[in-house]
Amino acid sequence: MTPAIADIPDTYRPSPYYVQRVSDFTAGSTFLVTSQPNFDAKDVFLVAGKLGYHGFQRIETFRDYMPDWDFNRGQPMSELAYRWMCEFLKCVELPAGKRPSVFLASSGNLELAWEDNIGSKYQAEFGPSAIEFFRDNTGAEGIAEASDAGVREVAQILSV
Amino acid sequence: MPTAFPFPDPDRLPSKIARCPILEAVMEIRFVPSRPWDHFPGLFAERFGSIYPREEDTGVSQIPQIVRDRDPSLAHLPYRRFVGDRFALQAGPRIVGLITKRGAYPGWDAFWPAMAEVLQGLEEMRIIRETVRLGLRYINFFDFDIYPQLTLNLCVGGQPMMLPETGLSTVLYREPFRHHLQINNSAVISGPDNKPILGSILDIDTSLAVKAPDIFHQAEAVFRDAHTAEKVLFFGLLNPDFLATLDPVYSRP
């Protein structure tokens, strides 16, 4: 449902959910031109909706990390990991009112962690080719292949 | 989600058009880097300096870091440009692109081998940890209002919308590609002696979001397919009568 104008936060800061640039027409100085941004509005909406404003902003910050962050040990954020995380967020059923926290591992993997309403812990770490998962209250733990089927499997295991 | 592709497929695709409207073409790879940007200029100069000897600063790196971090649209801009005879190679912390000289598109048979050489160099330099996106963009220019010549019509209440400053931006999906189509009938480019030329831009950016870590060995097939997909959209957009005025050349069957 579209929020009423009164519900939109009163701020003069630019929207962080910037998804399309329509002013990129060349006007003579074309040599700087490069291919278009590829932000997918649906992914931005999904991630900001499931992880909240701060979670979304953390991922945007992670994207700025260059190789050698974390005292020369860190790898930049894997965009494939981000893609699998988005697929996971489409499938998983989260506890009502809970938003996972998001972390960047030194390996460049993205990790989500959350609790349900009785305090049981859930974790999923997304890499380019594998997804590690853990669920406290069932003892489920393992590694799944990063694929459409693997994502669905992990989402099913970690859904409430 | 992806929807039906609304433009008609041409019966056949020209191999070239004699009155070529291509202002500029860009072939680009976006990636997650395995090395910091500081390493790039030296590596590029060493690997590509003989082909692209003139090095320039695009000015993007002079934008304060805090501004670059807050504007996602700046994330994939090039910091350095290496200019050669026929093409310019551009590099940023997360992108490398090859650009044709303005108004001098040499054709796919010259464009692709130059990009293949760039990809080979990137593989040797080991600066890419993960390929994110492959993109192919063609910017066409016509020195008149292009809208009446298109299969796409803009109408208001059933009446054609004929306005002198009209821009359109839309995204079309046709698996596996995503096309970002932009049309504007009030573009100004610089012609000979920087003389301004008013006209229309028809800009198609065809891209593939990569879903596997290693794409290098598939890049040729992906770019070739993207080129064909872009041509299908471009020629599907043009009215057949208008296309005939551009003197299309068809390869023999």
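**Entry 1: ground rules.** I am working with a predicted model, where local features need pLDDT of at least 70, side-chain atom pairs count only at pLDDT 80 or more, and totals for chains, interfaces and linings use all residues. I count residues from 1 along each chain as its sequence is written, with chains lettered from A and ligands numbered from 1 in the order in which they are written.

**Entry 2: helix H3 of chain A.** I started with H3(A), residues 79–91; helices (H or I, at least four residues) and strands (E, at least two) are DSSP runs, numbered from the N terminus. Its 13 residues should span 18 Å at 1.5 Å a residue, and the end C-alpha atoms are 19 Å apart, which agrees. The expected span is 1.5 Å times one less than the number of residues.

Next I checked burial: a residue is buried if 20 or more other C-beta atoms lie within 10 Å of its own, exposed if 12 or fewer, and partly exposed in between, with C-beta atoms placed from the backbone. Ten of the 13 residues of H3(A) are buried, so this helix is largely enclosed by the rest of the structure. Among them I noted Tyr82(A), Trp84(A), Glu87(A) and Phe88(A).

**Entry 3: H3 against H4.** How do the axes of H3(A) and H4(A) cross, and at what angle? I found that they come within 9 Å and cross at roughly 45°, H4(A) being residues 148–158. That makes the pair oblique, the class left over once angles under 35 degrees count as roughly parallel, over 145 as roughly antiparallel and 65 to 115 as roughly perpendicular.

I looked up who touches whom, taking contact as C-beta atoms, placed from the backbone, within 7 Å. H3(A) brings Trp84(A), Glu87(A), Phe88(A) and Cys91(A), while H4(A) brings Asp148(A), Val151(A), Arg152(A), Val154(A) and Ala155(A).

Entry 4: Most residues other than glycine have a negative phi. Phi is near 60° for Asp70(A) and about 70° for Asn72(A). Are they buried or exposed? Asp70(A) counts as exposed, with 11 C-beta neighbours inside 10 Å, and Asn72(A) is exposed with 7.

**Entry 5: a cis bond in chain B.** Which residues does a cis peptide bond join? I found Glu175(B) and Pro176(B), with omega about 5°. Pro176(B) sits in the loop between strand E10 (167–174) and strand E11 (177–190).

Conventions:
Axes fitted to C-alpha atoms, helices over the stretch in contact; angles between N-to-C directions. Contact = placed C-beta atoms within 7 Å.
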